[in-house]
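Here are my notes on the model, written as numbered points. Have the coordinates open while you read.

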Amino acid sequence: MATALCPLHILGRAALKPRGRRLHLSAFRSDAVVISGRKLARQIRQEARHEVEQWVAAGNKRPHLSVVLVGENPASHSYVLNKTRAAADVEHIDERKICNAVTPDKDVDGFHVINVGRMCLDQYSMLPATPWGVWEIIKRTGIPTLGKNVVVAGRSKNVGMPIAMLLHTDGRHERPGGDATVTISHRYTPKEQLKQHTIRADIVVAAAGIPNLITADMIKEGAAVIDVGITRVQDPVTAKSRLVGDVDFEGVKKKASYITPVPGGVGPMTVAMLMKNTIIAAKKLLKPKELEALTA
C-alpha cells in the first residue's frame, strides 16, 4: 500500500524533534506518490496463485483461459499481449457479437449483457477486468471514495461506464460500491467544461484514449489521478513507438497526491484481475457438477 508523505507545516515550536538528525522543513509539497500497478498486480497474482494451488490440491481441474481478440483496437492488442504471458490459446475474431456468444459464467472480461446488467444492479457478477483493476488500485492504495467528487473522462461500455458504476454505487449493496459522486465526460464534452469538473474532483479517472487530455491546470492540489488511457504514439526524439496515457504525467504529478503511470499502472492490474475472474469462473462451473453428484 502506497502512503502519501504530506508536507509538514508548523505554526509554533515543534513539540517533538526527530532523534539524531535535524528536521528540515520545506514550503514546497512533494510530487505525487506514483502507484505501481506492477507491484499491486504481483500481490494479486500471488493471491490468485495460492488460490489455484488450493483448488488443484482439492482434486479440481486447473483453470484454463481462452482469449478472443475482437477488432483492431490498439489498446486491446496491447492488453492481449500482456494476457498471453499468463495464458494461452489466442484466436482472432472480427465480430463484436461474439461477446454475447460467450457463456456468462465463462465471460471473464465481464462483457456479456447479463454480467453488465448484474453489475449495474449492484449484484455479484463478472466485473470487467480494467474497471475492477482501477477499483482495486483505489481500495488497496487507501484512496477514500465515500462522499468524494469523482470525474471519469470516458464513457465506453467496457471501461468508463463500469468504473463510474463501481465508484458511485451504494457500499451496502450485494456488490459494494464506492459511494462517490461521479461525473462522466465524453468526446463531446468541451475541454473547458471538463476542466470545470476536474478542478473540483478528488479523484480523476482518465479513460478516453486521448493523449494529454488531462493537464496540470485541470487538477486540484492533492487529487488522485488514475490514468487508464493507452495510445501508441511515435516518440519525436527516438522515432520509436511508445505507449502513452491520457494524463500529462510529468505536469500532473506535481499537483496530485497519487498518480498511476503508463505503462506500469492500470495495465498490469487488468491482467491480474482477469486471472482472478478465471478462478471465479472455474469455481462457478464446478457447482452444477457437485449438485449432479449429490442427486445421483
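1. Start with Asp 122, which sits in the loop between H4 and H5; helices here are DSSP runs of H or I with at least four residues, strands are E runs of at least two, and both are numbered from the N terminus. Asp 122 is not a glycine, yet its phi is positive, about 60°. For background, most residues other than glycine have a negative phi, and most peptide bonds are trans. Asp 122 is also buried, because its relative accessible area is 7% (buried means under 20%, exposed over 50%, partly exposed in between, with a 1.4 Å probe and protein chains only).

2. Some housekeeping. This is a predicted model, where local features need pLDDT of at least 70 and side-chain atom pairs count only at pLDDT 80 or more, while totals for chains, interfaces and linings use all residues. Residues are numbered from 1 along each chain as its sequence is written, and side-chain values use heavy atoms, with hydrogens and water left out.

3. The overall picture: the protein chain has 9 helices and 10 strands. Of its 296 residues, 41% count as buried. Take the contacts (heavy atoms within 4.5 Å) between residues at least 6 apart in sequence: 63% of them join residues at least 24 apart.

4. Asp 179 is another residue other than glycine with a positive phi, near 55°. Its place is the loop between H6 and S5. Is Asp 179 buried or partly exposed? Partly exposed, because its relative accessible area is 28%.

5. Look at Gly 178 too, in the loop between H6 and strand S5 (181–185). Gly 178 counts as buried because its relative accessibility is 3%. Setting aside neighbours within four places in sequence, Gly 178 is in contact with Trp 135, Thr 145, Leu 146, Leu 166, Leu 167 and Thr 169. With Trp 135, the separation is 43 residues in sequence and 8.7 Å in space, C-alpha to C-alpha.

6. Now the helix packing. Two packed helices are described by the angle between their axes and the distance between the axes. In this note, axes are lines fitted to C-alpha atoms, for helices over the stretch in contact, and angles run from 0 to 180 degrees between N-to-C directions. H5 (residues 129–141) and H6 (residues 160–168) pack at about 40°, with axes 8 Å apart. On the H5 side the contact is made by Pro 131, Trp 132, Val 134, Trp 135 and Ile 138, and on the H6 side by Pro 162, Ile 163, Leu 166 and Leu 167. By class that gives 9 nonpolar, no polar and no charged residues (Ala, Val, Leu, Ile, Met, Phe, Trp, Tyr, Cys and Pro count as nonpolar, Asp, Glu, Lys and Arg as charged, and the others, Gly among them, as polar).

7. H6 also packs against H4 (residues 113–120), at an angle of about 30° and with the axes 10 Å apart. H4 and H6 are therefore roughly parallel (under 35 degrees is roughly parallel, over 145 roughly antiparallel, 65 to 115 roughly perpendicular and the rest oblique). Val 116, Met 119 and Cys 120 of H4 meet Met 161, Pro 162 and Met 165 of H6. By class, this contact has 6 nonpolar, no polar and no charged residues.

8. What about H1 (residues 37–57) and H5? Their axes come within 11 Å and cross at roughly 100°, so H1 and H5 are roughly perpendicular to each other. Leu 40, Gln 43, Ile 44 and Glu 47 in H1 meet Glu 136, Ile 137, Arg 140 and Thr 141 in H5. The residues of this contact divide into 3 nonpolar, 2 polar and 3 charged.

9. Ile 279 is in helix H9 and counts as buried, because its relative accessibility is 5%. Not counting residues up to four places away in sequence, Ile 279 touches Ala 48, Glu 51 and Val 52.

10. Last, a backbone item and the cysteines. The peptide bond from Val 262 to Pro 263 is cis, with omega near -5°, and Pro 263 is found in the loop between strand S10 (258–259) and helix H9 (266–295). The count of disulfides (pairs of cysteine sulfur atoms within 2.5 Å) comes to 0. Cys 99 counts as buried because its relative accessibility is 17%, and Cys 120 counts as partly exposed because its value is 33%.
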